[in-house]
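Grab a pencil and work through these exercises on helix packing and a chain interface. Each task comes with a solution that goes step by step.

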Amino acid sequence: MPAVAPAEFPPPFDSNDVIGPPTDAPEDRIEVGVAIVGGGPAGLACANKLLQLLEDEPELTEKLGEVPVAVIEKGKVAGAHLLSGANMKPSAMEELFPDLPKEDWPVYQEVEKDAVYVLTKNKAFPLKPPPPGFKNHGNYVTSVAKLGRFLGEKAEEAGAYILSETAATKLLVEDRIVKGVRSGDRGRGKEGEELANFEPGSDVVAKATVLAEGTVGHLTYAAYDYFDMHGADPMRWELGVKEVWEVKEPLDRVIHTMGWPLRKSPRFNEFGGTFIYPMGEDKICIGLVVGLDYTDATFSCHDALQLIKTHPFIAKLIEGGKRVAWGAKTIPSGGYFAMPKRLAVPGMMVAGDAASMVNIPTLKGVHYAMHAGMYAAETIVEALKKDPDSVNFEAYDERVRKSMIEKDLKESRNMRQPFSKGFFMGGAIASAMTVTKGNFPGGHWKQEHDSEIEVELGKAADMYVKPDNEVTFNKLDSVFLSGNATRDDAPNHVRIQTHVPREIAQTWVSMCPAQVYEIPEDQLESGTAEVDVHVTASNCVQCGAITAKGGRLTLPEGGDGPLYQET
Amino acid sequence: MKICVLVKEVPDAAVQKRIDPNTMRLDRGGEKNLNPFDTHALEAAMQIKEGGAIPVEEVVAVTMGPSSAVRALHKAVALGADRSVHLSDDALAGSDVCATGYALAKVLESESPDLVLLGQQSDDGECYTIGAVVADHLKMPSLTQVIQIDVSDGKLRCERQAEYGYDTVEIELPAVISVGDAINEPRYPSLKAIMGAKKKPLDSKATGDVGIDAGQVGEGGSKTKVLALNPPPAKEAGEIIEDEDTNETVEKIVAWLDERKLI
Amino acid sequence: MAGILVYALHDDEGNFNKNSLGAISEAAKLAGEVGGEAAALVVGEVADDACASLGNYGAAKVYRAKSVPEGLAQPIIDAMAKVIQEQGFSYALFGGGLLGFEIGAGLTARLGAGVTMEVTAVKVDGGKLIVERPILQDSEVADVGYVSEPGIIIGRLNAFDAKESGGTAEVVDVDVELSEWSSKAKLVQRGEQRGADVNIEDADILVGGGRGLGAKEGFELCEQLADSMGGAVAATRAVVDAGWYPYAAQIGQTGKTVAPKLYLAAGVSGAIQHKVGMQNSENILAINKDPNAPIFEFSDLGVVGDLHKIVPKLTEAIKAKKG
């Protein structure tokens, strides 16, 4: 079968469908001062900073009305949909809560030791010294799910309204000015029909809207289309699958590995590695991150992670332990060139992962997101103080461009790209870039959208192991552990073409960590060029990978999806 | 008519629950949510109010729990309750079914409800029928496992699931009714209702405020005590038969079933 | 205080519920160890010999409250409270089931007593009873003791086995004054069967069908097999999703939870989302052509083979055996 790119089968989705003017009668609209979409590090840092600044601005606070700050979060609580490594740089927490002692931070520990290994099938070779970019001294091992809960509680204490279980499904725009967002309907059936307990969404109108939606920003990307905000390069992503384990022996260092089982040849384009971080005395987390520009349709990040756990070096770390959490999420990896060319349009700003503020070579994004949220807060207060009806937040763009977000991302702007040349070549070039702070080779190494990469049926899956339910587990068991208990008759929020070439169908089937996609059993061996794709949307943990590989993740009803605790 | 709906904040179904080995009590850290069965009770209350067969002046959400339980009350109010009452007191911690039923009855007494509705069971205690305990204290008729309620002439006509099938029972007010999840599909709260919830009146009460004898509640006042926790009995590995001669296989299955008196 | 009083539930024809019989047998065994006798309480106009026959299961005495109606809990609470208090019973034991829960709970309030529900086993320690009950979705078992007497024990369905021991019980009639509120509920109709929505949660035998059935028509096999055994049919989420069977029959994380005496899984993979809904079944028999199906890890009897060949033959064989 010839290789084929998922981009040839674009999803049935039109950005214009999620952008439009308010439709509720004016007296039914919900008025808030600032509407923040997304209860993640960016959105909650913004909310907290806003309320801190508003403490000294009683006049402005009054102008913002009864609900000065509202955070719209689709998960059951802020934190339920958050998943990341993470070794967080402390700068943002220090700035947001300067009087909060580190003992009270929602973190596990300060990183003391770093180690990087290259894995072969049976051995682990330490890379000494660790390559630049892998030094996490002074950073804090954090669970963003916990961080989200912490920041959410702090924001609520300060007076924010956290509207959890609420999806923001439409961007309200009138005369090319962003007026707020519309919350999603609840109580629809599988075919979208209204059930007995149907409750329509509401228009939430605000003086300023901050989109902090995370890795696959539903409204953000639609806004990029509508307002022509796209950056020089298209967005692209890595997929991470992560587990938390209770272990008998505490881990004393942060570990990253490369190499096995990812294949080195540029033909397969398998870029990534594992992270293994200590979480206090009795837990560790282990995850695999892989670029979604791989070419083998049978590659499965979840199964590769299960396989990695059988490697002697890694098996030892979790020996006698118990898996207590599992989750999956994409990481935007387009970096500097994928950032939108404008970060603010009239009435709106974008912050965090959705705006590509992630530095892949150093695996950092949490603190950038928080800083960006704080810049947005500062911009809003400044602008509305001068003129409460202002919709001009361009000062936010300037703040970000002058900050370390711009500086750091620019330095590593080409570092992800070399790995399309394979492990060794890529490693060499990337190292050279690091050492020269991005000046070699300079310029702009153009990237492609992951869905433009052609896929073919290969042999990646031959390596995978049958789950033993002690160390290795299947996808359905893992979805259960994520806390996902979405009702079965929920409407399908996944947009894909459902009759596609076998290679594309298989790509989705293998890629998805939650077993959302399936090829009907009777078509598996039929030998036809094209097959149907069956979607079990209620399994979805909203990682976003489908958006990268030719489909489009839209929003399920508020409250659906995982309930991550410590990821 | 005044309807009181008993609600409870419980660990979310998705949270892996564990018992704290030090206190032998449920570890209540982690996500909490309004007990799903109680949303059915609230919905039943709202349907009675909106049905109009009998005028309902107010629906009051009542809970007994630590300070975090106010979230359950906010949710209850977002779903339509007019106000809420929070019974909270350190003295109540560790109460068993007997003590809890007593305490709830006392706080309900202070409200003089005409109808008490509650969910059939809670996700954490797995105890079922606290309603029946409360009803005896309140000296009211009670029914559990109710899946349909019709109101007429100051009486309730209820259907409930029982061993031998479905019972139809006529019950006089005031009464305590525990509802099963088959009774209705709870509504979703509107954003307006969620945002307005914090503004609705919320009364906090301590044991003294409602005449609870502290000696009858809490760990000291409980009549049962958890003595130990053990893993469940190990299940023996099952037998596996590979079907080669189907007739033989079926014979073996029938013998197996027979042995266990299943046919 | 001594002895154990068991509530004996019966239907309108005077047939006693098997869980009540099991509870009587259990009480007889325990009474032997903690002292006192095992007795039963029966309400309604039940014939002398029927009552006396409870002695066959271990009841030494049967207290009969003729004027107390059956079917609703509160009058029975009045009856049991009176007998427990007058006769000084140390424990009240119920075989499980709806009325058992309601009566036991009411007695908790009436007598200020400790109560434990869903008890799976009872043991003796220092002349006192300690009960075992599973908690946290059966992931742990708690040992619970009673601080005072009487203690109320409500068993999980099928926890106690009825054992015939020969013997008859002495029948004693009691007069019970009903509480004012006990007559405020009136049973208009009892035990209406609703065939169409058979409540699978009550079935003793369930035949669960999954993807392995291949097509909607596969459920005919399940229905025939269930019929032959006097059971009901259940389904996994996947097949309900595909429209092969109604949602009312769905078992699992987002469906119903069941614990029948037998769960026969045909073409069910045993994914955890389904497992959590049926893992407490007393006996699990699985038929699946995939030897790696997760269900074989927790089935009591696993048959690796083609259900389309096995199930019809099994149905015939069972019909033949039953004659």
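**Exercise 1.** Find which residues of α8(A) meet which residues of α10(A).

*Solution.* Start with the contacts, meaning heavy atoms within 4.5 Å. From α8(A) come A:Tyr368, A:His371, A:Ala372 and A:Tyr375, and they meet A:Met404, A:Ile405 and A:Asp408 of α10(A). Now sort them: five are nonpolar, one is polar and one is charged (Ala, Val, Leu, Ile, Met, Phe, Trp, Tyr, Cys and Pro are nonpolar; Asp, Glu, Lys and Arg charged; the others, Gly among them, polar).

This is a predicted model, where local features need pLDDT of at least 70, side-chain atom pairs need 80 or more, and totals for chains, interfaces and linings use all residues. Residues are numbered from 1 along each chain as its sequence is written, chains are lettered from A and ligands numbered from 1 in the order written, and side-chain values use heavy atoms, leaving out hydrogens and water.

**Exercise 2.** Work out how many residues of chain C and chain B are in contact, and how many salt bridges there are between them.

*Solution.* First the head count: 83 residues of chain C touch 71 of chain B. Next, the salt bridges (a side-chain nitrogen of Lys or Arg within 4 Å of a carboxyl oxygen of Asp or Glu): there are four. One of them joins B:Arg160 and C:Glu102, at 3.1 Å from N to O. Finally, the chain C side splits into 38 nonpolar, 24 polar and 21 charged residues.

Key: Helices (H or I, at least four residues) and strands (E, at least two) are DSSP runs, numbered from the N terminus.
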